[in-house]
Amino acid sequence: MFFPKWTLWWIFSILFSSVCGLEFIESNSDAVFCPQAFTDCTIEDAIYNGEDTVDVSFEASFSLCCKTKSDCGLCLVVESEVSIPVDNEVDKESHSGTDEEEDEYTRNEKSSMTVCYQHVASNLPTCKKVEFTVNYTTLELNYTTHQSTNKISIVITDVFHFSSQIDVYPNKLNFQRQRLVAPSKEDACSQELQPQNIPMCPVSAFKFNPIYKEDYIELQIVGNTEIHTSMCTKYEKNGHCRRLTQTTIPLYSVAHCMCIQAWDESDEISIRSQICPFERTGLPSHLQNPTWKNVSVNVRLTQLNDGSAVLLWNLTAPCRLDGEVSLHGKPGIPKGGNERKQRFAAVSQWKQNSEDLWERQGAFQNVDERISQCVMVKINGTHQEFGPFCAVDNGRWHWTLLVVGIMLLVCLTTLMIYFLRDYVKKWVWSWRHGGFVKIGRKGHVVLLSPPDVDNAVSEMVCQLGSKLCCQGFSVSVDQWCRRDQCTMGPLPWLYSQLQKLDNMGGRVVLVITQKALQKTEEWTLLNNDGEVRDPQLIRSPYSDLFTALLFIIYAHKKLGRAAQRFVLVKVDSHQTQSHIRDSRLPELLQGLPLFLLPSQAQSFTAELTV
């Protein structure tokens, strides 16, 4: 059976069309179309026996075969390419003029090919045999002029179910099968204009009426407004569909390949309705310029291992386009006469990125990086070239990065010094006092009272100990540990506290008063001259502990470590800085850190933190 010529070209459009949708063929029975070199083509049912000798390759796909406009179903379209050597003709030598009929007969030969298909769930194959006559005269002419190939198109109108799987293979032994998956009912019924043509597809309840506003398009749904409608938009029919949260689309995102889908969110079996409003009519003139602004080109220059330079280009657009990319020189360099171009088509090598835009990549090999670092882009349907799009100058870019990096480093260093100035001071102090030590940690503080028998002084020492506890220090006040002192004795208790300082870190803080300074002077004279000016010293309740402390300070001072262990504090809000000069202290206490509270409370806390 033969198709009319326009229908046969329709078959070819199926075989080369993209997967965006099913095409229609008007046919209610099996049909075959043969090239000029094959005549008397017929198609009939056959049985698989694996005995075909003709070399054949084929591509199979599904389409929609329609008996009428409202009665369409799936059919199988197989395009086969048959290889018949020209030297297989019966007699290639010329014959005499009186034997023309015999010569014509010998240059035509009967042949056949068989295509089989089998449902995956079935064990029985179904085969279709195509018989034809090979016209070697035409075949030889085709081989000589390269005008056409030996392609046979077969349309099989068997019963094929949606989402079914079939294997297609020739009538040969040990031949690889082609697995073909039929489109699902949802995909077939979602195609524009197809639901009303396929009997099992429900008729869509949604129709769109785009209303153009100043900077957006409002999608007005015509139909049942009580249905909870969900919509999404996509570029190209087989693109990713991005859900819409409202019924408006910004004008800058509109493109001629945009499609809109709608479905009933409350109905689980709802079929999506799809419309591509600009597919046939194109975009209105006021929307064409914003569309071309969404086309971008990235260019990058790289080098291969052999030292040759390659200029890579990446074209991004909402729709797949036809056009060409041409190599172009740097700005200011005149265009050469031997211009290199690369064409790109909308049917292949495009992929969609995460932003639902389509990308097409290419490369110019062996370019002169001193001259050619740019490309120009021309898109079919426009009257202008876009560009030039140039690669970034890596040398200048590297110097820019270096300068920016140095500036950032200087700024960060300045900020760190500003915010960490207190820590810097502590490091400097620790280095000047015998090397780096751990800073920023609050250790143990042993707070000792002066030898005054005065309730006001005792209360002042206890308040100072409480404040240090609130600031996070571990504090031992001699007045809080009288039971331990009575049990252990003043000197053993004091040594136990010094051992704790060795483990935890910290300082011994001595609160000095006029009485403490006087007792220190007497202790110094006693140890130097052996005289005791005040016999009441031994009878004071704190005199033994104070005296033990003076002995320990004396021992540490001889070792040169007294300033790292002991701190002096004078609490008197009415005194001024002139009263705490180091020269007025007894010789034993000179060289120890001395702080006046409360005026130097912050410095005192910092000293204890080191």
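Predicted model: local features only at pLDDT ≥ 70, side-chain atom pairs only at ≥ 80, totals over all residues.
Residues are numbered from 1 along each chain as its sequence is written, and side-chain values use heavy atoms, with hydrogens and water left out.

Let's begin with the whole chain. The protein chain holds 14 helices and 30 strands; helices (H or I, at least four residues) and strands (E, at least two) are DSSP runs, numbered from the N terminus. Of its 610 residues, 44% count as buried. Buried means under 20% relative accessible area, exposed means over 50%, and partly exposed is in between (1.4 Å probe, protein chains only).

Now for a look at one residue inside a helix. Q485 sits in helix α9, which covers residues 482-488. With a relative accessible area of 12%, Q485 is buried. Leaving aside residues up to four places away in sequence, Q485 touches D478, P490, W493 and L545, where a contact means heavy atoms within 4.5 Å.

Next come the cysteines. A disulfide is a covalent bond between the sulfur atoms of two cysteines. Here a disulfide is counted when a pair of cysteine sulfur atoms lies within 2.5 Å, and a search of the whole structure finds eight disulfides.

One of them joins C65 to C75, with an S to S distance of 2.1 Å. C65 belongs to strand β4 (residues 55-68) and C75 to strand β5 (residues 71-83), so the pair ties together parts that are 10 residues apart in sequence. The torsion about their S-S bond is about 75°, so this disulfide is right-handed. Both C65 and C75 are buried.

Another disulfide joins C257 to C319, at 1.9 Å from S to S. This pair links distant parts of the chain, 62 residues apart: C257 is in the loop between β15 (248-250) and β16 (258-264), and C319 is in the loop between β19 (309-317) and β20 (323-328). Here the torsion is about -90°, so the disulfide is left-handed. C257 and C319 are both buried.

A disulfide also connects C374 and C390. C374 is buried, at 1% relative accessible area, whereas C390 is partly exposed at 32%.
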